[in-house]
Amino acid sequence: MTDKEYRELKRDILAWLSQQLKPKRLKHTLGVEEIAVALARIWGSNIYEASLAALLHDNAKNLDTQLLFEICQKEYPALSLSLEYSSVLHAFAGASIAAKRYPMMSEGVIHAICYHTTARPQMSQLEKIIYAADFAEPGRESFPGLEIIRERLFIDLDAGIRQILQQTVHYVRMKKKKIHPLTLDALQYYENES
Ligand SMILES: [Fe+2]
Ligand SMILES: [Fe+2]
C-alpha cells in the first residue's frame, strides 16, 4: 500500500466512522490507533495495517445487538456466537462489515478486527497489537495494574498479552458472565508459551 492509498483510505474510514460511532467510541478508536501504531513501530509490524485495523476495530460497536447477532449467525455459523456472548459479537460482525466495505483490506487486517475482543491462540503480530491496543489505549479508565501491562507490551508483547487475558478472564468471571471459548483457549495457549 502506498502512502497516498493509505491516507485516502484513512480519510474515508474516519468520515464513515463519524456516522457509525458515538463520540465516546470514536475517541476510544483514535486512542487505540495511537497505541497500535506505537506498538507496530516497536515490534516491526506494518504501520499502515496497524492504523487501519485499529480504526476499523469497533466499527460495529454501536449497532443493535440483534443485528450483530444476525450478521454473526450468517457469516460465522461454525462459531458458537450466541447472545450469551453479546459483548464479542461486534468484533466478528465488524470484521465482516469492514471486509465488504473495504475489499482491498488484507486478510490480516480483517482477522485483527475479528479477534480483537476474544483473542485466540497463535495470534498474528497484528492481531496481538490490536488486541493489546484495545486494552491499553490511553483513554481507558485506569485500574490497578494497567500501567504495568501498558509498559510490558512494549518490552515483551506475549507477556503483556498473557496478562491482559488473565485480567480479562478474572474480570468476566467476577461479573458472572460467560467467557467465550476462544478466550479460554488463548489464555491456555499464552500461559503455556511462557
Ligand atoms: Fe471492541
Ligand atoms: Fe475497542
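1. Ala133 is in contact, once its neighbours within four places in sequence are set aside, with Val32, Ile35, Ala36, Leu39 and Ala54, where two residues count as in contact if their C-beta atoms, placed from the backbone, lie within 7 Å. The model is a predicted one, in which local features need pLDDT of at least 70 and side-chain atom pairs count only at pLDDT 80 or more, whereas totals for chains, interfaces and linings use all residues. Residues are numbered from 1 along each chain as its sequence is written, and chains are lettered from A and ligands numbered from 1 in the order in which they are written.

2. Of the 51 residues that make up the largest nonpolar core, Ala36, Ala53, Ala132 and Ala133 touch the most other members. Such a core is a set of buried Ala, Val, Leu, Ile, Met, Phe, Trp, Tyr and Cys residues joined through C-beta atoms within 7 Å; a residue is buried if 20 or more other C-beta atoms lie within 10 Å of its own, exposed if 12 or fewer, and partly exposed in between.

3. Helix H7 covers residues 125-136, helices being DSSP runs (H or I, at least four residues) numbered from the N terminus. Because 11 of its 12 residues are buried, H7 is largely enclosed by the rest of the structure; among the buried residues are Glu127, Lys128 and Asp134, as well as Ala132 and Ala133. The buried residues of H7 pack against H2, H3 (47-56), H6 (107-114), H8 (146-153) and H9.

4. The axes of H8 and H9, which are lines fitted to C-alpha atoms over the stretch in contact, with angles running from 0 to 180 degrees between N-to-C directions, come within 7 Å and cross at roughly 150°. That makes H8 roughly antiparallel to H9, a term that applies to angles over 145 degrees. The contact is made by Ile149, Arg152 and Leu153 of H8 and by Leu157, Ala159, Gly160, Gln163 and Ile164 of H9.

5. In helix H10, the buried residues are Thr183, Ala186, Leu187 and Tyr190. Seen down the axis of H10, these residues fall within an arc of 100°, so they line one face of the helix, the arc being that of the directions from the helix axis to the C-beta atoms. They pack against H9 (157-174), while the face turned away from the buried side carries the exposed residues Gln188 and Asn192.

6. Lys24, found in helix H2 (residues 23-43), is exposed, with 10 other C-beta atoms within 10 Å. Lys24 and Gly139 are 115 residues apart in sequence and 9.8 Å apart in space, C-alpha to C-alpha.

Key: Helix = DSSP H or I, 4+ residues; strand = E, 2+ residues; numbered from the N terminus. Expected span 1.5 Å × (residues − 1). Parallel < 35°, antiparallel > 145°, perpendicular 65-115°, else oblique.
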